[in-house]
Amino acid sequence: MVRMSRTASQQYGDECAGILMKPQICVIDGRGGGLGGRLVTGLNLQLGKVCDIIGLGTNTVAAEVMKAAGATRVEVGIEAIVAVVPSAEVILGTLNLVLPGAMLGEITPELVAAVLSSKAKKVLLPVNRAHMEIVGTEDHSLEVLITRSLSRVRRFVSLSR
């Protein structure tokens, strides 16, 4: 179960005591941002305003696509991603997020370390072009993978209430 209820005082200090914060779901994408945009759209449809959906783009194009899809806020670049993921409750993206050098080099060792060291629940779609075969995964269309990943995130959010 993912711990979702966090007060503002836990994140920002005692001056914000008593304010309950929304769970933060970070969607990380790069290149053209198409998958990130689809994930953000799906999260908005399934969860509404229950969560803050943060679009984290490895580049400006990906961030803009996620913003247009309805992300609560977006950040761009590896430094921004590394700064944001420690406070996330859920990280959503592809398996590439744990493969340094993936996405034509957009996934850096620093980004991988930040994702893996975050206490967030990681929901990773087994989509990659790094010539890796993950034993135990079945071949599914991207649409099926998106639907399943959104279902997992929705379950994590509902378990925490």
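In this predicted model, glutamate 89 has a relative accessible area of 5% and is therefore buried, as that value lies under 20%.

**Glutamate 89**
- Glutamate 89 lies in the loop that runs between helix 4 (78–84) and strand 6.
- Its side chain comes to 2.5 Å from the backbone nitrogen of glutamine 24.

**Largest nonpolar core**
- The largest nonpolar core comprises 23 residues, of which Ile25, Val27, Leu43, Leu92 and Val153 touch the most other members.
- At least two residues of this core come from each of strand 3 (24–29), helix 2 (34–47), helix 3 (60–68), strand 6 (90–94), strand 7 (121–125) and helix 6 (142–159).
- The greatest contribution to this core is that of helix 6, which supplies six residues.
- Apart from its neighbours within four places in sequence, valine 153 contacts Ile25, Leu43, Leu47, Val90, Leu92 and Val123.

**Second core**
- A separate, second core holds 20 residues, including Ile28, Leu99, Val112 and Ala114.

**Cysteines**
- Cysteine 26 is buried, because its relative accessibility of 0% falls under the 20% limit.
- Cysteine 51 is likewise buried, with a relative accessible area of 4%.
- A disulfide is a covalent bond that joins the sulfur atoms of two cysteines.
- The structure contains zero disulfides.

Key:
Residues are numbered from 1 along each chain as its sequence is written. This is a predicted model: local features need pLDDT of at least 70, side-chain atom pairs count only at pLDDT 80 or more; totals for chains, interfaces and linings use all residues. Side-chain values use heavy atoms; hydrogens and water are left out. A nonpolar core is a set of buried Ala, Val, Leu, Ile, Met, Phe, Trp, Tyr and Cys residues joined through side-chain atoms within 4.5 Å. Buried means under 20% relative accessible area, exposed over 50%, partly exposed in between (1.4 Å probe, protein chains only). Helices (H or I, at least four residues) and strands (E, at least two) are DSSP runs, numbered from the N terminus. Contact means heavy atoms within 4.5 Å. A polar contact is a pair of N or O atoms within 3.5 Å; within protein, one must be able to donate a hydrogen and the other to accept it, and residues adjacent in sequence count only if both atoms are side-chain atoms. A disulfide is a pair of cysteine sulfur atoms within 2.5 Å.
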